[in-house]
Amino acid sequence: MASYHFSVKCGNYNGRKTSATNHLNYINRDGQFKNLDKKNNSNKQVNECIYKENFLPAWAEGSAKKFWSSAEKYERANACVYKELEFNLMNELTLKENLKIINDILKVEPMNKFYYSLVIHDKQKSAISGERNLHCHLMFCEREIDGIERDAKTFFKRYNSKNPTLGGARKSILFNDRKVGKQTIKNLRDEYAKIVNKILKENNIEQTISSKSLKEQHEEAIKKGELLKAKILDREPEKHLGRKFSKDVNLKKDLLEIRSLNKEILSKLNSQKGKNVSSNRYTALQVDNILKNFS
């Protein structure tokens, strides 16, 4: 079932967060992470990585390790050395179709201005539900591509507005400015949903995803008079457990029960599509009675 997950993360090389080279090793399953998948997966999946791609400046000579180790070496102290987009890909699509999603995201501003390293992970059985977990890790450097040839040390220098050739590549403010950054992330999340839904439709898949929060979807349902749907959406968002908490049997049980219930309810709602409009409208008493049957 198509699902929505799109997050933006910042990696600092200041002792408090993972370094860029360590994170590169993690997503590529290199170095100390080489046998991570075989160790953690009950189905003995040797390696989750099914696709890797890098877009780098000439001085990196095609080596992602050289690029990101140079970023750690030459970026100013406490700088955000890399940012990362992590987002779901669709189990219903082939690798070729999922690559279209990634390539379309890379065309969206400001992602079309950055060097990057990306990896696709295909986890055949997730730790929570046991379902396939197909997703992308996209590490990128916020220094904008401007067509000026620089060496590694110069590339990460402070930008020289009067003479750009003498300074480093300019660092984009589109993620770091408090107000602008919030809007940038929102735009990317919205574009991701549009891109995914477009490609799902092109492949004759009726499922869709939404970048809107449960609160926004709840308010929309109320405006449309879809009281049952509004009641269902009036809940706390699901929390990401991660590898550590996925081993908690009780947490997993609760989460799976909630997911199962939500799928059943959504199935009931979808079955109403195509019928007359009044079939989607309920009184408050009818909503409570319907939900009692699900509880």
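Which backbone oxygen lies 2.8 Å from a polar atom of the side chain of Arg150? In this predicted model, the oxygen belongs to Gly167. Arg150 itself is in the loop between S5 and helix H5, residues 152-155. The Arg150 side chain also makes a polar contact with the side chain of Asp146, at 2.9 Å. With a relative accessibility of 9%, Arg150 falls under the 20% cut-off and so counts as buried. Beyond its neighbours within four places in sequence, Arg150 is in contact with Trp59, Phe155, Pro164, Gly167, Gly168 and Ala169.

Trp59 and Phe155 belong to one aromatic cluster, together with Phe55, Phe67, Trp68, Tyr82, Tyr115, Tyr116 and Phe156.

Now the pairs. The count is 20 aromatic pairs. One of them is Phe55 with Tyr116, tilted, 5.7 Å centre to centre and 45° between the planes. Phe55 is in strand S2 and Tyr116 in strand S4, 61 residues apart. Phe55 is partly exposed at 37% relative accessibility, whereas Tyr116 is buried at 10%. Phe140 and Phe175 form another tilted pair, 5.3 Å centre to centre with 45° between the planes. Phe140 is in strand S5 and Phe175 in the loop between H5 and helix H6, so this pair ties together parts 35 residues apart in sequence. Both residues of this pair, Phe140 and Phe175, are buried.

Last, helix H1, residues 20-28. Since 7 of its 9 residues are buried, H1 is largely enclosed by the rest of the structure. Its cover includes strands S2, S3, S4 and S5 and helix H3. After H1 comes Arg29, with a positive phi near 55°. The charged end of Arg29 sits over the ring of Tyr26, 4.7 Å from the ring centre.

Technical notes
Residues numbered from 1 in each chain as written. Predicted model: local features only at pLDDT ≥ 70, side-chain atom pairs only at ≥ 80, totals over all residues. Heavy atoms only, no water. Buried < 20%, exposed > 50% of the residue type's maximum accessible area, 1.4 Å probe, protein only. Helix = DSSP H or I, 4+ residues; strand = E, 2+ residues; numbered from the N terminus. Contact = heavy atoms within 4.5 Å. Polar contact = N/O pair within 3.5 Å; in protein donor to acceptor, adjacent residues only side chain to side chain. Phe/Tyr/Trp six-rings, centres within 6.5 Å; stacked < 30°, edge-to-face > 60°. Lys NZ or Arg CZ within 6 Å of the ring centre and 35° of its normal.
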